[in-house]
Amino acid sequence: MLSSSPSYSPASSFPPSLHSSSSGNAFTGFIPMRKLTGAPVCTRLVRKDRSTLKITCRRAKERVIEEESSQMAETKRSFKVSSGETSPLGVSQVHKGINFALFSHNATSVTLCLSLPSQSDKDGVDVVELVLDPSINKSGDTWHICVEDLPLRDVLYGYRVDGPGEWNQGHRFDNSILLLDPYAKLVKGRSVFGDSNEKFAQFYGTYDFESSLFNWGDDYKFPNIPEKDLVIYEMNVRAFTADKSSGIDPSIAGSYLGIIEKIPHLLDLGINAVELLPVFEFDELELQRRPNPRDHMVNTWGYSTVNFFAPMSRYASGEGDPVKASKEFKEMVKALHSAGIEVILDVVYNHTNEADDKYPYTTSFRGIDNKVYYMLDPNNQLLNYSGCGNTLNCNHPVVMELILDSLKHWVTEYHVDGFRFDLASVLCRDTDGSPLSAPPLIRAIAKDSVLSRCKIIAEPWDCGGLYLVGKFPNWDRWAEWNGMYRDDVRRFIKGDCGMKGSFATRLSGSSDLYQVNQRKPYHGVNFIIAHDGFTLRDLVTYNSKHNEANGEGGNDGCNDNYSWNCGSEGETGDAHIKSLRVRQMKNFHLALMISQGTPMMLMGDEYGHTRYGNNNSYGHDTALNNFQWKELDAKKQNHFRFFSELIKFRHSHHVLKHENFLSKGEITWHEDNWDNPESKFLAFTLHNGVSGQDVYTAFNAHDYFVKALIPLPPPGKQWFRVADTNLESPEDFVKEGVEGVAETYNVAPFSSILLKSK
């Protein structure tokens, strides 16, 4: 995820501008020739007064690259402009025309650059640069202008911004670079995902005020699933259907529409919420802008945000189109909601794609107002709590407003149901990087009325060491990725000594972390596997990471994986080891689905996806990350069946998803050996006082059989065996249960059982 790039002004349809001069009511500006086929060659702007601009465009014929002016055609266009409005930031349609508003506290000049369809050449564009007059087009720290007679769509725009040049004062202005509007609601970038021929493609803002409003339907409604009932499926939009084995039309493979095609699989699995890896416009080719050990990779995970409002345009069907991406994202949300599945977005507000000062890649915030948008140290150098070269200045009032506006835009415009905040501890830091006990941004998100229906989930750590698991400022609203659940469950299941007490605490809802004020068990998001780290299959196949393909000599990725290869590193033909690995994967899934709290699983674990030991696979747009649908087909009747049935069992049993923390009458621990670090067996019963349908579970992490004494069932009931991970499919899970459970049960080594009374 570390991004680095040379200082470079991306190729642009907007030619670099010479300094314009202005005096009184008139100014002239000249745009020199660019050697771009079909691009505008020169434009002279003559300002007659403050309300009318006449623009003369000399255009190159499509075949022309460096020919003389005798080969050019001439056209004239006129626009009326007015001072414009300060709000809203970004681009908006007003009664006078199209309004543009940009915040910059430290800028001394701002130029609006427009590229629009040519009136004289149906395949060409006209380019206009409008220099904003601070005496007319600036109010406070907002620069603004209204342009009449602009098309209502198919206009690309950006800004050139100038200001103080002192780097030692924290400024990074460069008016030769065309900058993306931070509030652009749609972004036009490269056309094809991962096309290295477009690695330096410009990112433009654009808009569409012509298309009709999206039709959500008369019978449309939000799923509104209570947090205690969620089962979250973490997934990547592109990787889910990009592989040929998906069998879908190639034009929608790897797209928002591709997910719609596979909703039946999600329903068959039983999950009811998808957590999408980043879908804001991001730069997947950030690693390829300069020679470096990682320049062979494509950032498929998406943690390289270019803009916080626009859906990733290259997740649209066909070639990347921002308007189509917006529409198809809504179609995806609508279809998922219709199927009863909520949509949670993984959002990255801790850093952007603009890298660091050694290899900067200025595309937006850095060139608009670096001192406002990024955290700086006392020497006015970028602070790096994100591990990616820069850190967004989240609790600065302007940046906080940007983040809130972005979140509310995704809720109101796209109907998403919640957010998972990447490296959320960054959002708990002051403008100087020091931790805050009551961060204004975190409080504002918790209290905002528009966001009140949303799930809000923190990844409660950052790369600066601010580890806040169980301590994240929450106002009784915020949930957290429970990293301690992941570590403790991994360690117990693989047979580490001294883990039984911690394992029991995690299964019962982590009350040591979350039973504070009005927090609930579901405020802990339980997970064993996530996108970064080993897949479930690799967790039981490798003792060590194998990240050589990433180009960093295996130095990247986490070293503390708490994994166990079950006796041999990597793939093996040994039947005993293979059987043990299958059993361990089922043990992990059983533990996750019977735990109090909100369970989350990773895409592909339902069939046992492998990345061959790579625990940091962010840069591989290949089968290493892509869902393998043929593998799923091969595992449908065994591995997948067990995973799916267990998820559905959770949905149908209230005792597995309590609203509040367990009381003494709701759980019985069948244990008198808590203080023995060598004990690796744990059994307990969850009681349903209303129906009498209790659930008994036992885990044996020893390498020998344990004869478990089974407690008496409730009066008038008997125990039925639902799951035994030591058995082969289909006996490993029987939904209706198998009767005849005796007073004792021989629990096999490294296995677990699940009983229910009825």
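Mentor: Let's start with Glu284, which counts as buried because its relative accessibility is 0%. Keep in mind as we go that this is a predicted model. Glu284 forms a salt bridge with Arg314, and the closest N and O atoms of the two are 2.9 Å apart. Both Glu284 and Arg314 lie in the loop between β16 and α5, so the pair ties together parts that are 30 residues apart in sequence. Side chains of opposite charge can pair when their charged atoms come close.

Now stay with Arg314 and look at its other partner, Glu281. Glu281 and Arg314 form a salt bridge too, with 2.9 Å between the closest N and O atoms. This pair links distant parts of the chain: Glu281 and Arg314 are 33 residues apart, and each is in the loop between β16 (273–276) and α5 (322–338). How exposed or buried are these two? Glu281 is buried, since its relative accessible area is 0%. Arg314 is buried as well, because its relative accessible area is 5%, and the cut-off for buried is under 20%.

Next, bring Arg190 into the picture. Arg190 lies in a loop of its own, between β13 (186–188) and β14 (204–208). With a relative accessible area of 1%, Arg190 is buried. Its side chain makes a polar contact with the side chain of Glu284, at 3.0 Å. A polar atom of the Arg190 side chain also lies 3.0 Å from the backbone oxygen of Glu198. If you set aside neighbours within four places in sequence, the residues in contact with Arg190 include Asp195, Lys199, Ala201, Phe203, Asp283, Leu285 and Arg314.

For a pair in another part of the chain, find Arg506 and Asp488. They form a salt bridge, the closest N and O atoms being 2.9 Å apart. Arg506 lies in helix α10 (residues 500–507) and Asp488 in helix α9 (residues 483–493), so this pair ties together parts that are 18 residues apart in sequence. Arg506 and Asp488 are both buried. Coming back to where we began, salt bridges that share partners join Arg190, Glu281, Asp283, Glu284, Arg289 and Arg314 into one network. Across the structure, the count comes to 36 salt bridges.

The structure holds 10 cavities of 30 Å³ or more. The largest cavity contains about 170 Å³ of space. Of the 20 residues that line the largest cavity, Asn236, Ala239, Met603, Arg611 and Asn625 lie nearest its centre. The elements giving two or more residues to this lining are β15 (232–235) and α2 (237–241). By class, the lining of the largest cavity has 8 nonpolar, 8 polar and 4 charged residues.

The second largest cavity has about 90 Å³ of space. Among the residues lining the second largest cavity are Ile528, Leu536, Phe588, His589, Met601, Asp605 and Phe643. Here α13 (575–594) and β22 (598–602) are the elements that give two or more residues to the lining. The lining of the second largest cavity divides into 9 nonpolar residues, 1 polar and 1 charged.

Key: Residues numbered from 1 in each chain as written. Predicted model: local features only at pLDDT ≥ 70, side-chain atom pairs only at ≥ 80, totals over all residues. Heavy atoms only, no water. 1 Å grid on protein atoms, 1.4 Å probe; cavity = no way out; pocket = protein on both sides within 12 Å on 5 of 7 lines; lining within 4 Å. Points joined across faces, edges and corners; volume = space filled by probe spheres on them. Helix = DSSP H or I, 4+ residues; strand = E, 2+ residues; numbered from the N terminus. Nonpolar A, V, L, I, M, F, W, Y, C, P; charged D, E, K, R; others polar. Buried < 20%, exposed > 50% of the residue type's maximum accessible area, 1.4 Å probe, protein only. Polar contact = N/O pair within 3.5 Å; in protein donor to acceptor, adjacent residues only side chain to side chain. Contact = heavy atoms within 4.5 Å. Salt bridge = Lys/Arg side-chain N within 4 Å of Asp/Glu carboxyl O.
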